[in-house]
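My notes are below the display.

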Amino acid sequence: MGEPGWEVVEPPADADALVAASPLLAGLAPAEGAAVGDLVTWIRLPGGTDLFVEGAVADAAYVLVRGRVDVHVDGALLAQRGPGDVIGEAGLLGSGVRSATVTAVRDSVLVRLEPEQFDDLATRHPGAARHLA
């Protein structure tokens with residue numbers, strides 16, 4: 001189990017294809033797309049479960065691979081996010097707090113990218129890092 005509510009899972013068999021199909025990462029060289037898939041942590045977030053809550057420490061960014069999430073600020077629905085969307089990118093800065101609560105509308109799969117992983121990616125594959133930042 002990872003953070004409360006989500007669990008770390010093995011990358012799916014089609015992980016490379018899922019990463020390559022992400023609109024955010026479209027146009028990456030195959031090696032850069034594979035590097036993203038190798039560096040991230042895959043997580044499963046059951047429907048109805050919070051990914052993170054407003055006011056929590058921002059410690060990572062996420063890319064939604066499958067599923068859908070709602071974004072709430074002060075309890076009001078601000079947006080919905082779907083596959084390919086980056087969530088919580090302020091977490092890559094390694095400081096600050098979450099400005100919203102993000103909750104899975106249905107069972108979802110995401111990749112988690114911590115600041116150290118992002119730094120490693122930026123060093124080895126700058127093109128991939130530019131797509132995520």
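These entries go from ground rules to strands, salt bridges and one glutamine.

**Ground rules.** I am working with a predicted model, where local features need pLDDT of at least 70, side-chain atom pairs count only at pLDDT 80 or more, and totals for chains, interfaces and linings use all residues. Residues are numbered from 1 along each chain as its sequence is written, and side-chain values use heavy atoms, with hydrogens and water left out.

**Strands.** I took helices (H or I, at least four residues) and strands (E, at least two) as DSSP runs, numbered from the N terminus. Two strands pair if DSSP finds at least two bridges between them. I looked up S1 (residues 7–8) and found it antiparallel to S2 (residues 41–45), with two bridges. Glu-7 has Arg-44 as its bridge partner in S2. S2 also runs antiparallel to S9 (residues 108–113), joined by five bridges. There, Thr-41 stands opposite Arg-112 of S9.

**Salt bridges.** I counted a salt bridge when a side-chain nitrogen of Lys or Arg is within 4 Å of a carboxyl oxygen of Asp or Glu. The count comes to four.

I checked Arg-44 and Glu-7 next. Their side chains meet in a salt bridge at 2.4 Å, N to O. Arg-44 is in strand S2 and Glu-7 in strand S1, so this pair ties together parts 37 residues apart in sequence. For exposure I used relative accessible area: buried is under 20%, exposed over 50%, partly exposed in between (1.4 Å probe, protein chains only). Arg-44 is partly exposed at 31%. Glu-7 is partly exposed at 26%.

Then I turned to Arg-112. Its side chain forms a salt bridge with that of Asp-59 (3.3 Å, N to O). Arg-112 lies in strand S9 and Asp-59 in the loop between S3 (50–52) and S4 (61–66), so the pair ties together parts 53 residues apart in sequence. Arg-112 is buried at 6%. Asp-59 is partly exposed at 30%. Arg-112 also forms a salt bridge with Glu-114, with the closest N and O atoms 3.2 Å apart. Glu-114 is partly exposed at 27%. Which residues are linked in this network of salt bridges? I listed Asp-59, Arg-98, Arg-112 and Glu-114.

**Gln-117.** I found Gln-117 in helix H3 (residues 115–124). Gln-117 is buried, at 15%. Its side chain reaches the backbone nitrogen of Glu-114 at 2.6 Å. Not counting residues up to four places away in sequence, Gln-117 touches Leu-39, Val-40, Thr-41 and Arg-112; contact means heavy atoms within 4.5 Å.

Conventions
A polar contact is a pair of N or O atoms within 3.5 Å; within protein, one must be able to donate a hydrogen and the other to accept it, and residues adjacent in sequence count only if both atoms are side-chain atoms.
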